[in-house]
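Please open the structure in your viewer and keep the selection panel at hand. The tour goes from one selection to the next and says what is found at each stop.

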Amino acid sequence: MFRFEPLPIWRNKDVRERLSWYHAVMRNKKPAKYLVCKSIACDIDLKNSSMEELWVEHNRLANIFKKECGSIKSSDSYDIEYRDKNFLDLKGEIANRILYKCNLCEWNCNVNRSEGKVGVCRLDKITRVASWFRHFGEEAPLSNIHGSGTIFFTGCMFRCAFCQNWSISQYPLAGEEVNGRKLALIMKELHDEGAHNINFVGGEPTPNIHTIIDGMRNLDVNIPMLWNSDMYASIDAMNLIKDIMDIWLPDFKYGNDNCARRLSNVPNYFAVVARNHKIAYENGDMIIRHLVLPNHFECCTKPVLEWISQNCPRALVNVMDQYYPDYRVAQHPEKYPDIARRLMGKEIEEAFQYAKKLGLVYEPVSR
Ligand code: SF4
């Protein structure tokens, strides 16, 4: 399919440099990472090896993958030969086994989702998709011209009082059941329609990593994979996805654990989310989103932007100003007086000016 170059965003030098891998995959100049994983042979018996043995092999193959990606980056052409049993198959086996004692995110529920048990995300092993379409409202490098191939999974491990997607994030049954094959068909359809990327979002994609990997095993089109997440994944989950995502679109909401607990009912927020941002930053291109909340400049916006400038200085940042009271805040504004209104112009300006002062590159990615 002929693809138009999304202009003029790619004329911006900062955007081109900071999203160089994503841009190259989008233009079919480099292979998506999940395809590279398929070219790395796995040497162990997947069904008869222990979980420990699977992880040892995973770590060995992750090193080979890193070298392979380095050499693909520095050469003008690439040649991918798929292996019958490969790194992606190994990731799929590990992800499916994790479901027997789920620790895909930092809630670490340890429930057996394979037997129909559910944890905080309220999801058993079945993945449900609420909708999929080419989204034209994402950041310019992701959406421009043909749209971002967005797949909305149901369920979430957060309980954000202001969630704008609450009808799917808090209602896991509000979607169509998909397995890996069906998900691959959805991704292929989005690709064939001209989507610039496959955008895994929700709700939250993390509890569905097993199906996402299975979907990629059934897919062979070259398209960048994008992780659009609250970044509360466990280390194990991060290890599974860090080698298959070409670009990261993480949310960094709160600058401290008290606000996270009160507004999203999630513990140990800052340490987990900061750790995962660092892992993502070390492994790919990144646009970090920070939604400015009214009355949360000192406690959240400031520390989040400062942390990004110190730890992920090459990441693009989208300082988002579209907050409005929704879901529980709209139902019970008296319980959330600090965020029961829209942002004022001076609050938005204050956040933008602070990002600018820290040297963060944010304007080019705003819609
Ligand atoms: S994905 Fe997270 S919230 Fe859901 S069962 Fe697993 S550990 Fe619990």
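Begin with strand 1 (residues 127–135) and strand 3, which run antiparallel and are joined by three bridges; bear in mind throughout that the model is predicted. Select Thr127 and then Val178, its bridge partner in strand 3.

Go next to helix 12 (residues 269–283), whose 15 residues reach 21 Å from the first C-alpha to the last, close to the 21 Å expected at 1.5 Å a residue. Which residues of helix 12 are buried? They are Tyr269, Val272, Val273, Asn276, His277, Ala280 and Asn283, and they lie on the same side of helix 12 because they cover an arc of only 135° around the axis. An α-helix has 3.6 residues a turn, so residues three or four places apart point the same way. If you turn to the other side of helix 12, you find Ala271 and Glu282 exposed.

Now select the ligand, which has 16 residues around it, of which Cys102, Cys105, Cys109, Gly119 and Cys121 come nearest. By class, this shell holds 11 nonpolar, four polar and one charged residues.

The next stops concern the backbone. Most residues other than glycine have a negative phi, and most peptide bonds are trans. Asn110, in the loop between helix 5 (87–98) and strand 1, has a positive phi of about 60° although it is not a glycine; Asn110 counts as exposed because it has 11 C-beta neighbours inside 10 Å. Met231, in the loop between strand 5 (225–227) and helix 10, also is not a glycine and has a positive phi of about 65°, but with 25 C-beta neighbours inside 10 Å Met231 counts as buried. Then select Gly202 and Gly203, which are joined by a cis peptide bond with omega about 20°; Gly203 lies in the loop between strand 4 (198–201) and helix 9 (209–217).

Finish at Asn12, in the segment before helix 1 (13–18), where the residue is partly exposed, with 18 other C-beta atoms within 10 Å. A distance drawn from the C-alpha atom of Asn12 to that of Lys335, 323 residues apart along the chain, comes to 44 Å.

Note on methods: Residues are numbered from 1 along each chain as its sequence is written. This is a predicted model: local features need pLDDT of at least 70, side-chain atom pairs count only at pLDDT 80 or more; totals for chains, interfaces and linings use all residues. A residue is near a molecule or strand if its C-beta atom, placed from the backbone, lies within 6 Å of it. Ala, Val, Leu, Ile, Met, Phe, Trp, Tyr, Cys and Pro count as nonpolar, Asp, Glu, Lys and Arg as charged, and the others, Gly among them, as polar. Helices (H or I, at least four residues) and strands (E, at least two) are DSSP runs, numbered from the N terminus. The expected span of a helix is 1.5 Å times one less than its number of residues. A residue is buried if 20 or more other C-beta atoms lie within 10 Å of its own, exposed if 12 or fewer, and partly exposed in between; C-beta atoms are placed from the backbone. The arc is that of the directions from the helix axis to the C-beta atoms. Two strands pair if DSSP finds at least two bridges between them.
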